[in-house]
Amino acid sequence: MSNASIATAKSGLSTNASALTLAGRVLLSVIFILAGFAKLTAISGTAGWFASIGLPLPTVTTVVVGLVELVGGIAILVGLQTRIAAIVLGVFTLAATAIAHTDFADPNQIMFLQKNLAIAGGLFVLAAFGAGALSIDGRRR
């Protein structure tokens, strides 16, 4: 294989990796953007649920959680400070799982736990490898 062929193959792999990383960021971000927006536009309902599971200062907690989800999700989407946002959202997702999805007698809670573990895993992979070329972080390099 010639050097030109190798360079072309590497370029194709790089383009595919960039597109796949962008797709992964979009898919990971959607759940956080929608959840954060929902919390911030229904503060009293979310605060009521937070109070029912024993979280302190449920209204303040709702606003903080909503902002973490919304801002973190947008950061992942556009690829801005992606590694930091991915770590914050990954740890946040594990904490939320430990707080709200540990009723192992409820099959729905087990499903939510598994889903959240997969999301956290995807976020940690994103934190390890970065946002890719099709991102604000990629353009800054």
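Is Leu-123 buried or exposed? At 0% relative accessibility, Leu-123 counts as buried. Buried means under 20% relative accessible area, exposed means over 50%, and partly exposed lies in between, using a 1.4 Å probe and protein chains only.

Some ground rules come next. This is a predicted model, in which local features need pLDDT of at least 70, side-chain atom pairs count only at pLDDT 80 or more, and totals for chains, interfaces and linings use all residues. Residues are numbered from 1 along each chain as its sequence is written, and side-chain values use heavy atoms, with hydrogens and water left out.

How confident is the predictor? pLDDT is its confidence in each residue, from 0 to 100. The protein chain averages a pLDDT of 91. Of the residues, 91% score at least 70. Helix 3 (residues 58-78) has the highest confidence, at 98. Helix 1 (residues 3-41) has the lowest, at a mean of 82. Helices here are DSSP runs of H or I with at least four residues, strands are runs of E with at least two, and both are numbered from the N terminus. Over residues 4-9, pLDDT stays under 50. For this stretch the model has one contact beyond four places in sequence. Contact means heavy atoms within 4.5 Å. Where pLDDT is low, the predicted coordinates should not be read in detail.

Now return to Leu-123. This residue is found in helix 5. Leu-123 touches Leu-28, Phe-32, Ile-76, Ala-86, Leu-89, Gly-90 and Thr-93, not counting residues up to four places away in sequence. Gly-79 is 44 residues from Leu-123 in sequence. In space, the two are 12 Å apart, C-alpha to C-alpha.

Next, look for empty space. Rolling a probe the size of a water molecule over the atoms shows where such space is left. On a 1 Å grid over the protein atoms alone, a pocket is an open set of points with protein on both sides within 12 Å along at least five of seven lines, whereas a cavity is a set where a 1.4 Å probe fits but cannot get out. Lining residues have an atom within 4 Å of a point. The largest pocket has a volume of about 550 Å³. Grid points are joined across faces, edges and corners, and a volume is the space filled by probe spheres set on the points.

Which residues lie nearest the centre of the largest pocket? They are Lys-39, Glu-69, Phe-92, Ala-96 and His-101, out of 23 lining residues. Helix 1, helix 2 (43-52), helix 3, helix 4 (82-100) and helix 5 (107-129) each supply at least two residues of the lining. Helix 4 gives the most, with six. The lining divides into 15 nonpolar, five polar and three charged residues. Here Ala, Val, Leu, Ile, Met, Phe, Trp, Tyr, Cys and Pro count as nonpolar, Asp, Glu, Lys and Arg as charged, and the others, Gly among them, as polar.

Side chains of opposite charge can pair when their charged atoms come close. A salt bridge is a side-chain nitrogen of Lys or Arg within 4 Å of a carboxyl oxygen of Asp or Glu. The structure holds one salt bridge. Lys-39 forms a salt bridge with Glu-69, and their closest N and O atoms are 3.0 Å apart. The pair links distant parts of the chain, with Lys-39 in helix 1 and Glu-69 in helix 3, 30 residues apart. Both Lys-39 and Glu-69 are buried.

Finally, visit two loops. Leu-57 is found in the loop between helix 2 and helix 3. Leu-57 has a positive phi of about 40° although it is not a glycine. Leu-57 counts as exposed because its relative accessibility is 63%. Gln-81 is found in the loop between helix 3 and helix 4. Gln-81 has a positive phi of about 50°, and it is not a glycine either. With a relative accessible area of 41%, Gln-81 is partly exposed.

Conventions
pLDDT = per-residue confidence, 0-100.
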